[in-house]
Amino acid sequence: MYDRIKGFRDFYPEEMQSRRQVMDTVESAARRHGFREIGTPALESAEMYADKSGEEILEELYAFEDKGGRQVALTPELTPTVARMVVARQQELSKPIKWMSTRPFWRYEQVQQGRFREFYQTNIDIFGSSEPTADAEILAVAATALTDLGLTGEDFDFRVSHRDILGGLLASFEGDIDTEAAIRAVDKRAKIDADEYADLLTDAGLTTAQIDDFDALLETGEDGLDELIEFAGTDRVESAVENLQAVLDATVDLGVREYCTLSLTTARGLDYYTGVVFECFDSTGEISRSVFGGGRYDDLIEGFGGQPTPAVGFAPGYATLSLLCQRAGVWPEESLSTDYYVLQVGDTRDVAARIAGQLRDRGHVVESDVSGRSFGAQLDYADSINAETVVIVGEQDLADGNVTLKDMESGDQIAVPVDSFPGGDDRPTYDDFA
RNA sequence: UCCGGGCUGGGGUAAUGGUAUCCUUUGGGCUUGUGGUGCCCAAGACGCGGGUUCGAUUCCCGCGCCCGGACCCA
């Protein structure tokens, strides 16, 4: 026996069926908003990630030298790849570019709840629009996907923030302040105690008085945004606040405003984000980490050598999303379903094959014996795959010109003329003949 | 990279310094004509390596994998 590689998972049919259903639901929400599917390589130049995030990042990648001497890495995220694709055809692609993709990614990091070394994400992005409606559309796709899964506003919450509000407020303080360090402290605010939090901000260069001011500002509610502008007194904060307000306003028309909450303490790994950012949280707080997140990253394409191109997107991961669905009780049932089992008794393969073929042509899931099993064993198997209807094609029935339809739920069965089955009904069952 | 808890047939378990219990499962049969009831037969386990020992599934060490957490989260 071989061990599985740490952090990699197998999905057996029952679970895979549920995963497929969830992924299809998310993708469908994106498709219906006009996002087009793209396909991307599993391997990219390691340099692309090192340039974007620093050499240290290679430690957290599956990176190696290929047989041609190239330094390559299994893709840890999609954004650099998509940026590369956009830059490569920047002139010919009509804007806005709306793309989506579901696939695995790999990171060499510690396994924890909702975090694996191989994980699946659906990336959904818009390139080429800086309008607040683009940000709002991203929020709308996210909310639609979740509600289509059966989740409600009771289950999840989008905590919406704006990178420039935090950065702008910090910049408005007197003194030499390490903005990045301060934002990291804010990100941890909920996880650590007040003293630790204050220490981190002190280390970032804030005075005790500034910490108090800053903390009070972070608590600002949706009707107090003007106070932020007033406090900072800078164009940067003013335009950031106006932009955030415009995005929230736009979500009203799209019917998803109710899922969004202003939360300035939502900092996220703000590294390449430039505007609105949001994170989806479990409303009950049972899942401690964020389910997924997204936001605006207007500088990235230019950083990849393209013309300045605004961008906004998000990427739900299925590890945490399934935790949320399970907690909320909407994870699809993990059991197989089969429409028909065509049971053969004696040498009836020709007729059984004809019936099975016709049912399959109508799109049904149909199984028939491929193991030379006895009657009882075939029924047993039909039961194990949750067959709804068993079509018994036996020599005795055929001698009378019939097949027998058996409803597996009730056990009821009835003889049906073989010549009129499957007949005109798209999906004939016992009830149609009883 | 660090901390804590685990690891016995496919799944769930029992006992044990002398090769392992029970349930379930899987395959076949009773039954070329009736599953979700029964009976019979069969298959299937001590995560891997090393050490101590006459003998290790059991005790010790290392590693692997699983669960949870720290760090990190692009």
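Author: One term to begin: helices (H or I, at least four residues) and strands (E, at least two) are DSSP runs, numbered from the N terminus. This is a predicted model, in which local features need pLDDT of at least 70, side-chain atom pairs count only at pLDDT 80 or more, and totals for chains, interfaces and linings use all residues. Residues are numbered from 1 along each chain as its sequence is written, chains are lettered from A and ligands numbered from 1 in the order in which they are written, and side-chain values use heavy atoms, with hydrogens and water left out.

Reader: OK. What follows α12?

Author: G329 does, and its phi is positive, near 75°.

Reader: And which residues of α12 are buried?

Author: Buried means under 20% relative accessible area, exposed over 50%, partly exposed in between (1.4 Å probe, protein chains only). In α12, residues 318–328, the buried ones are Y318, A319, T320, L321, S322, L324 and C325.

Reader: What covers them?

Author: Among the covering elements are α1 (13–31), α4, β5 (97–106) and β9. Contact here means heavy atoms within 4.5 Å.

Reader: New topic. What is the strand order in the open sheet?

Author: The order is β1-β5-β6-β11-β10-β9-β7-β8, with 8 strands and mixed pairing. β1 (36–37) and β8 (260–262) each have a single partner strand, so one side of each is left without a neighbour in the sheet. Two strands pair if DSSP finds at least two bridges between them.

Reader: How do β1 and β5 pair, parallel or antiparallel?

Author: Parallel, over 2 bridges. E37 stands opposite M100 in β5.

Reader: What about β4? Which strands pair with it?

Author: β2 (residues 43–45) pairs with β4 (residues 71–74) in the antiparallel sense, over 3 bridges. There, E44 has A73 as its bridge partner. β3 (residues 63–65) is also antiparallel to β4, again over 3 bridges. E65 stands opposite Q71.

Reader: What sits between β3 and β4 in their hairpin?

Author: There are 5 residues between the strands, and G69 takes a positive phi near 80°.

Reader: Where is there a positive phi in a residue other than glycine?

Author: At N386, with phi near 55°. N386 lies in the loop between α14 (375–384) and β14 (387–394). N386 is partly exposed, with a relative accessible area of 39%.

Reader: Which peptide bonds are cis?

Author: The one from K95 to P96 is cis, with omega near 0°. P96 is in the loop between α3 (79–88) and β5. The bond from F421 to P422 is cis too, with omega near 5°. P422 is in the loop between β16 (413–417) and α16 (430–433).

Reader: How many cavities are there?

Author: The count is 1 cavity of 30 Å³ or more. On a 1 Å grid over the protein atoms alone, a cavity is a set of points where a 1.4 Å probe fits but cannot get out; lining residues have an atom within 4 Å of a point. Points are joined across faces, edges and corners, and a volume is the space filled by probe spheres set on them. The volume of the largest cavity is about 40 Å³.

Reader: What lines the largest cavity?

Author: The lining is D135, I138, L139, V276, F278, G295, R296 and V312. α4 gives the most, with 3 residues.

Reader: Last one. How is chain A divided into domains?

Author: Into domain 1 (13–40 + 75–328) and domain 2 (338–433), with bounds from an automatic or database domain assignment. Their centres, taken over C-alpha atoms, are separated by 52 Å.

Note on methods. 1 Å grid on protein atoms, 1.4 Å probe; cavity = no way out; pocket = protein on both sides within 12 Å on 5 of 7 lines; lining within 4 Å.
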